[in-house]
Amino acid sequence: MADWSELPADMLEHLTGFLPIQDYHRFSAVCRNWGMVAKERRHSPAQQIPWLAMGELEDTKKRKFYDLLEDRHYYLDVPELCGTVLCGSSYGWLFTLDRKLNFRLVNPLTGECYDLPRPPPFYEGHVEREIYLDAEVLQRSLVIKAILDYDPRTRSDFTALILYGGHYTPAFWRAGNTIWTTITGIPDGPDDITFFEGKFYFVRTPCVNSCSEFYTFEVGTEPEATKFELQVSCRGDPNYIIEDINHSCTLNYLVVFGGKLHLVERFLDACESMPTTEFVLHELDLEGNNYSTCQHINGYTIFLGASASVVISPSHFHNCIKDAIYFTDLAPKLYADGTEDHGIFDMIGKNITPYYPRDVFHHALVPPIWFTPNP
């Protein structure tokens with residue numbers, strides 16, 4: 001009988017490149033030889049389906065994560081996450097903010113951390129932010145979204161970009177800096193940010209029945225964004241795909257897949273809790289200042305929320321639906337009431353189904369965010 005523990009290291013290293021994170025850890029526990037191969041990480045791990053990073057358990061303070069692939073929970077005891085709000089996620093790193101507004105990047109699977117400068121004040125010009133907002137409310141609402149351009153493990157000169165404060169002001173921080181630098185040239189209220197082909201991109205919808213605007217920013221000597229001529233028509237346009245009067249509000253996301261930048265419009269109902277009703281996808285042609293509306297996602301799956309958007313090809317994941325958008329709630333809740341808004345939108349059938357019980361999130365004032373494991 002073959003001795004599996006004596007398989008050649010190069011063969012084992014090759015196999016690790018096909019394993020999801022759960023099987024990667026199981027692989028490392030088979031025997032000492034396999035564990036050493038897994039620890040060396042000579043091959044990049046396989047594409048991972050995002051987990052949901054959720055709240056803390058009240059008794060143990062462990063952070064709760066939901067594994068969509070295996071439909072199970074993990075409870076991680078990570079001291080750096082205790083008492084923090086999760087403001088965003090990129091490349092398996094979580095942006096955390098504690099009650100004293102200490103800002104950090106944390107990899108919950110390895111314990112690696114980066115201390116970031118405190119975010120700028122909620123109201124520009126006022127250092128004493130607690131005068132205006134309760135400390136807990138401030139912690140939940142100061143940083144709206146945070147992303148990275150590169151994985152800090154692969155590049156030491158990485159950059160973080162946030163939307164903060166009452167006007168969702170964009171600001172960036174580069175490794176080695178001591179403060180956040182505010183980005184000018186963008187009017188109040190960008191909806192979303194992403195990193196694509198060496199630049200940050202922003203999308204903004206000024207007001208009801210207005211076209212979406214796009215801006216780009218490249219870290220350099222001048223912290224000023226540039227506006228594109230490209231605009232995407234609003235639903236008031238007579239040729240627009242959706243004309244339902246119940247759609248009273250939209251939220252825009254920027255998503256990269258297939259080598260292209262895309263705009264995803266999230267439509268919300270007119271009722272007070274504003275549940276999501278539909279998504280519309282556009283492929284953007286930045287050079288030609290044009291766009292085209294897509295009826296499907298070419299077999300991809302998109303994960304949208306407060307974290308950086310994630311796109312995967314679900315062909316190897318039987319529990320993941322293709323041509324679908326998995327979405328989480330919109331933003332931090334200031335009070336523990338209202339209906340949680342999350343589900344799976346089928347781009348083909350145009351219907352929404354749940355992927356997680358709605359009442360489980362009800363106690364959490366900060367919605368869960370997508371987190372891609374990066375051990």
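Author: A word on areas before anything else: accessible areas here come from the Shrake-Rupley method with a 1.4 Å probe. On that basis, the chain exposes about 17,800 Å², with carbon and sulfur atoms supplying 51% of it. Keep in mind that this is a predicted model.

Of its 375 residues, 50% are buried. Among contacts with a separation of 6 or more, 48% are between residues 24 or more positions apart.

Is His262 buried or exposed? His262 has a relative accessibility of 3%, and the cut-off for buried is under 20%, so His262 counts as buried.

What does the side chain of His262 find there? One of its polar atoms lies 3.2 Å from the backbone oxygen of Lys260. If you skip the neighbours within four places in sequence, His262 touches Tyr253, Leu254, Val255 and Phe257 on one stretch of numbering, and Leu281, His282, Glu283 and Leu284 on another.

Cys87 is buried, at 2% relative accessible area, whereas Cys82 is partly exposed, at 41%. As for disulfides, the structure holds 0.

Note on methods:
Residues are numbered from 1 along each chain as its sequence is written. This is a predicted model: local features need pLDDT of at least 70, side-chain atom pairs count only at pLDDT 80 or more; totals for chains, interfaces and linings use all residues. Side-chain values use heavy atoms; hydrogens and water are left out. Buried means under 20% relative accessible area, exposed over 50%, partly exposed in between (1.4 Å probe, protein chains only). Contact means heavy atoms within 4.5 Å. A disulfide is a pair of cysteine sulfur atoms within 2.5 Å. A polar contact is a pair of N or O atoms within 3.5 Å; within protein, one must be able to donate a hydrogen and the other to accept it, and residues adjacent in sequence count only if both atoms are side-chain atoms.
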